[in-house]
Amino acid sequence: MLFYFNLISILEILIVILPILLTVAFITIAERKTMASMQRRLGPNIVGYYGLLQPFADALKLLIKEYIAPTQANIILFFLGPFITLIFALYGYAMVPFGPGIAINDFNLGLLYMLAVSSLATYGILLAGWSANSKYAFLGSLRSTAQLISYELILSSALLLIVLATGSLNLSVIIEMQKTVWFIIPFLPLFAIFFIASVAETNRAPFDLAEAESELVSGFMTEHAAGIFVFFFLAEYASIILMCILISIVLLGGYDIFSLISIFVNFIYNSILLIFSIYMSIVLLFINYLNINMLYINIDLIHNFNDSYIYENILNDVAYLTNNKYVLSFNILTYSIIYIFVLGLKTCILIFTFIWVRASYPRIRFDQLMSYCWTVLLPIIIGIIIFIPCILYSKDVLPYIISLL
């Protein structure tokens, strides 16, 4: 029985991790093709159809290359650093809810766990840079550590507001609290700050000062080559996917799509009613103007916005649309596929934005990066942290758990 449960746990982990690693491979080709399109180039288009096999060719090239380690390096820490970075980059996916109940572990402190795991990945970068016995690698690791610690404060402060609004650190609860409205609408400035901090947290351009080729050759990865370099490469893109998933969960409703459909249907429904009411009002005015006697037409211009709604009932396996007039029946598997697809679509849009930012903005200096964090973003986020809870408290809409404190 114990062996059976261990086998199930291993299969669950493989079902999550293998698609993530495949996604990392295809994000590299997507990034190269997108940047090529923005720069009027073709990008990879030879290896495989439309260049889709290019990431596998790159991986094969790195794996079969001869590995060379510096003679004066601390070999144990030199090899351990990339492993630590990749492992902690993948640990965060254990808490991701891909749908209602679709997660490896639906932990009540999942948000805190993801912050802790992303912070621990810094140790791998620091160990890799220090153990290489290279000034370029050491400077790159120091830059990366200072950058990650600084912008981690911005990320945790932004997430503090989400916790205040929901009263929970559980990622599934945070998604369910956005059934009425996604948090990006009331917290739009927070979304901008969170996105900037995420770009810096993942060492992406224009904040890739830890890997500045013009200054530090390749930063903390300067002395790493061949197969061991693949771990850093996978960790970077896995962190990008994880941060995009986190943004989708806390600000874009996560796997939720039915509330968006409900808003869309309500908008169409009320727009049609408004247009019809205006049209009939114009007709009645025109009739009265011509003094034509007609039967009295009673038009109720007052409509309840909640008359048309969508809600889902997974236990009964039924989704009702607009006053129960149109019924959609799905099974649980179909629901799961829809939820996973919706979360993946939101994540892909954010990843494309990451690539767009990289292709659009030049790299800034390291002192500008740190000054921007401590003198611009931090005062703004502190002001938002003070302002929004005051508004919630004045309107008496703080979560019940928070109001008990």
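Visitor: How many cavities of 30 Å³ or more does the count come to?

Guide: Rolling a probe the size of a water molecule over the atoms shows where empty space is left. A cavity is a set of points, on a 1 Å grid over the protein atoms alone, where a 1.4 Å probe fits but cannot get out, and lining residues have an atom within 4 Å of a point. By this rule the count comes to 3 cavities of 30 Å³ or more. The model is predicted: local features need pLDDT of at least 70, side-chain atom pairs count only at pLDDT 80 or more, and totals for chains, interfaces and linings use all residues. Residues are numbered from 1 along each chain as its sequence is written, and side-chain values use heavy atoms, with hydrogens and water left out.

Visitor: What space lies in the largest cavity, and which residues lie nearest its centre?

Guide: A volume is the space filled by probe spheres set on the grid points, which are joined across faces, edges and corners. For the largest cavity this space is about 290 Å³. Its lining has 20 residues, of which A121, E201, T202, A235 and S239 lie nearest the centre. The elements that give two or more residues to this lining are α3 (75-91), α4 (110-131) and α9 (226-251), where helices (H or I, at least four residues) are DSSP runs numbered from the N terminus. The largest share, 6 residues, comes from α9.

Visitor: How do the residues of that lining divide by class?

Guide: Ala, Val, Leu, Ile, Met, Phe, Trp, Tyr, Cys and Pro count as nonpolar, Asp, Glu, Lys and Arg as charged, and the others, Gly among them, as polar. The lining of the largest cavity divides into 11 nonpolar, 6 polar and 3 charged residues.

Visitor: Which residues line the second largest cavity?

Guide: The second largest cavity, with a volume of about 60 Å³, is lined by M114, L115, S118, L155, L159, F194, L242, M243 and L246. At least two lining residues come from each of α4, α5 (135-166) and α9. By class, this lining has 8 nonpolar, 1 polar and no charged residues.

Visitor: What volume does the largest pocket have, and which element gives the largest share of its lining?

Guide: A pocket is an open set of points with protein on both sides within 12 Å along at least five of seven lines. The largest pocket has a volume of about 920 Å³. Of its 33 lining residues, T28, E31, F229, F233 and Y237 lie nearest its centre. Helix α1 gives the largest share of the lining, 9 residues, and by class the lining has 19 nonpolar, 3 polar and 11 charged residues.

Visitor: Is F56 buried, partly exposed or exposed?

Guide: Buried means under 20% relative accessible area, exposed over 50%, and partly exposed in between. F56, found in helix α2 (residues 54-64), counts as partly exposed because its relative accessibility is 37%.

Notes. Buried means under 20% relative accessible area, exposed over 50%, partly exposed in between (1.4 Å probe, protein chains only).
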